[in-house]
Amino acid sequence: MTAKKKYIIAMVSLLIAAVAGWLITGYYYMSTNERTFRIPLIELKDSQKAILPENTLGKGANSVAVKIFLPSEEGMTVEDRKILSSSLPVIFAEDLINEYLKGLQGGLEETKLIAVYQDRANIFYIDLSDDFRRNFSGDVRQEYYLLKSLYSTVIGNIMGAEDVKILIEGKEIESIGGHFYSLYPLKDTVTKDVISEQK
Amino acid sequence: MSTEGNGAQKNAVIRVGIHSDFIRIVFITSEDYVQKASVTPAGKNTIKVEFPASLVISFPEKGILRGDLPVEIAKGLKIGVQANGGMLFVDNLERFNMTRLPSPSRLVIDVYTTRSSQVSPTEKPVASEKPAASQHAQGDSVTKISSYVIDAGHGGYDKGVKGSNFTEKDFALSFAKELSNALSKKGKKVTLTRKSDQNLPIKERLKIAQKGPGSMLLSIHLSSKNEFSIFIAAKSENASSEASTLQSGNPAMRDLDKSIANALVQQLKSEFNIKVTYEEMPIPLIADADGPALLIELPNPEKFSYDAKNKERLINAILKGIGSPAKVQ
């Protein structure tokens, strides 16, 4: 067989494979339009289930004790709450954030959680409605403690969570309140030692 | 701070920053060059900086650097340019760190010497022995503040603190203009980051504010309470990430920031009988400025009277605090 014939056979085989692949993929996506479960950014391995508190493991929803951190007049408060949630970290994080949002004030409680994603570095991406940015009205300290309370709520309840990043309507935005970056994960901002002295 | 392409050959611009305990050398060039650059020790007091291909290196004060002879870019620091990089010759070199940063893409080399604090850039004026009103002591040296950047916080869709009859963005702009006028009347060079109601990202404000170590940035904001708050950047513990680097104060300016902040606190305390707080927070705008930088939150207009007399007292106190006492007309 000549080299030219081999080349033609290889090209035809590739073309058939590509068409077959396209048909199969197309069928898969068409057929999953109706699916209602949410797909996390990465697939969860069995070992990752260990990042949740022990009592959340299980097939159905469990009542889970959580600590919700909220911004307050003088900084931040913490409240003990119970939520019904799943063993999947991303679903658990969604229920956790929904509980957090309920506790906010000044219009921020109108914020809708769009989605939560988790990446391979265990950074949790919290995708919020624009109400979170639009309804925030506050000074430097108020913005700082809003960011810190969201970060602390995620980090304080999900073992293994490394950092938190805010998205608004699926996009990165530079700042929620004009003082701090929200372009980057929050840890570097909210874990620095802050000093406040009355003179 | 721009990098321009030149066909196949790239350009790099060098900037040098003198800090209290290290010298920062920044190569601003294309991202692929920054990512592929190598920085290695090349003998005593010498660091080799190598990019993946040839490039034209320039230093703002000296233009394009050419030839084999090392050129002094700061006291005790020379660069010998080669086709694809150069050799840095650092007097009394102890160690160095290298970081790659985006926006603009840049290679940052911090060199530590046994006498870094004595090194001063060749292009900067020598500090005088007696500080004048607009000079501030910083360790053993004195930094002369030659210009001011006044930043009116927020703007556009970002309204800031809202009240029944005011928004922070409008108040800050109006006050920034009045403060700017007062400084101009004293013969000071002043730049406003914004002059109208526009949304201006933090990074854009920084571009305007980065006018060298002799320029002071003062960002005007409002508190939600009846109090003054003076912010300087939080201390840099370990600037390991881009965010951390951008939000940690310039170590060389930290003492100066503190000194001006304390002076301002004292002036406000002596002039007004309300709470004044001094705060250190990782605020990127003031952390990444070249020169001294403060953010001041003024009392909430619903709780503090901004009549003509109080405004004059306030502007005067600020001018005195930042080192330029003046009678405001």
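Biologist: Is B:D255 buried, partly exposed or exposed in this structure?

Modeller: In this predicted model, B:D255 belongs to helix α5 of chain B, which spans residues 251-271. Its relative accessible area is 48%. Buried means under 20% and exposed over 50%, so with a value of 48% B:D255 is partly exposed.

Biologist: How far apart in space are B:D255 and B:P292, C-alpha to C-alpha?

Modeller: Along the sequence, B:D255 and B:P292 are separated by 37 residues. B:D255 itself sits in helix α5 of chain B. From C-alpha to C-alpha, the distance between B:D255 and B:P292 is 9.2 Å.

Biologist: Which term describes the accessibility of B:H154: buried or exposed?

Modeller: B:H154 is found in the loop of chain B between β15 (147-152) and α2 (168-185). Phi of B:H154 is near 65°, a positive value in a residue other than glycine. The relative accessible area of B:H154 is 2%. Since buried means under 20%, B:H154 is buried.

Biologist: What is the relative accessible area of B:N45?

Modeller: B:N45 occupies the loop between β4 (38-41) and β5 (46-50) of chain B. Its phi is near 65°, which is positive although the residue is not glycine. B:N45 counts as partly exposed, because its relative accessible area is 24%.

Biologist: How many helices and strands does chain B have, and what share of its residues is buried?

Modeller: Chain B contains 7 helices and 20 strands. Among its contacts between residues at least 6 apart in sequence, 68% join residues at least 24 apart. The accessible surface of chain B is about 14100 Å², with 46% belonging to carbon and sulfur atoms. Of the 329 residues in chain B, the buried share is 53%.

Biologist: In what order do helices and strands follow one another in chain A?

Modeller: Chain A has 5 helices and 6 strands. Read along the sequence, these elements give the pattern α-β-β-α-β-β-α-α-β-α-β.

Biologist: What part of the accessible surface of chain A belongs to carbon and sulfur atoms?

Modeller: Chain A has 199 residues, of which 45% count as buried. Among its contacts with a separation of 6 or more, 56% come from residues 24 or more positions apart. The accessible surface of chain A comes to about 11000 Å², and the part belonging to carbon and sulfur atoms is 57%.

Biologist: How many residues of the contact between α2(A) and α4(A) are nonpolar?

Modeller: The axes of α2(A), residues 89-102, and α4(A) come within 10 Å and cross at roughly 140°, and the crossing is right-handed. Helix α2(A) contributes A:F92, A:L96, A:I97 and A:Y100, while α4(A) contributes A:L146, A:S149, A:L150, A:T153, A:V154 and A:N157. None of these residues is charged, 3 are polar, and the nonpolar ones number 7.

Biologist: What distance separates the C-alpha atoms of A:Y125 and A:V90?

Modeller: A:Y125 lies in strand β4 of chain A, residues 123-128. Leaving out residues up to four places away in sequence, A:Y125 touches A:A115, A:V116, A:Y117, A:D119, A:K165 and A:L167. A:V90 is 35 residues from A:Y125 along the chain, and their C-alpha atoms are separated by 9.7 Å.

Biologist: Is A:N122 buried or exposed?

Modeller: A:N122 is placed in the loop between β3 (113-118) and β4 of chain A. Its C-alpha atom is 9.9 Å from that of A:M159, a residue 37 positions away along the chain. The relative accessibility of A:N122 is 18%. Because buried means under 20%, A:N122 counts as buried.

Conventions: Residues numbered from 1 in each chain as written. Chains lettered and ligands numbered in written order. Predicted model: local features only at pLDDT ≥ 70, side-chain atom pairs only at ≥ 80, totals over all residues. Heavy atoms only, no water. Helix = DSSP H or I, 4+ residues; strand = E, 2+ residues; numbered from the N terminus. Buried < 20%, exposed > 50% of the residue type's maximum accessible area, 1.4 Å probe, protein only. Contact = heavy atoms within 4.5 Å. Areas by Shrake-Rupley, 256 points an atom, 1.4 Å probe, with all protein chains shown as cover. Axes fitted to C-alpha atoms, helices over the stretch in contact; angles between N-to-C directions. Left-handed = near helix turned anticlockwise from the far one by under 90°. Nonpolar A, V, L, I, M, F, W, Y, C, P; charged D, E, K, R; others polar.
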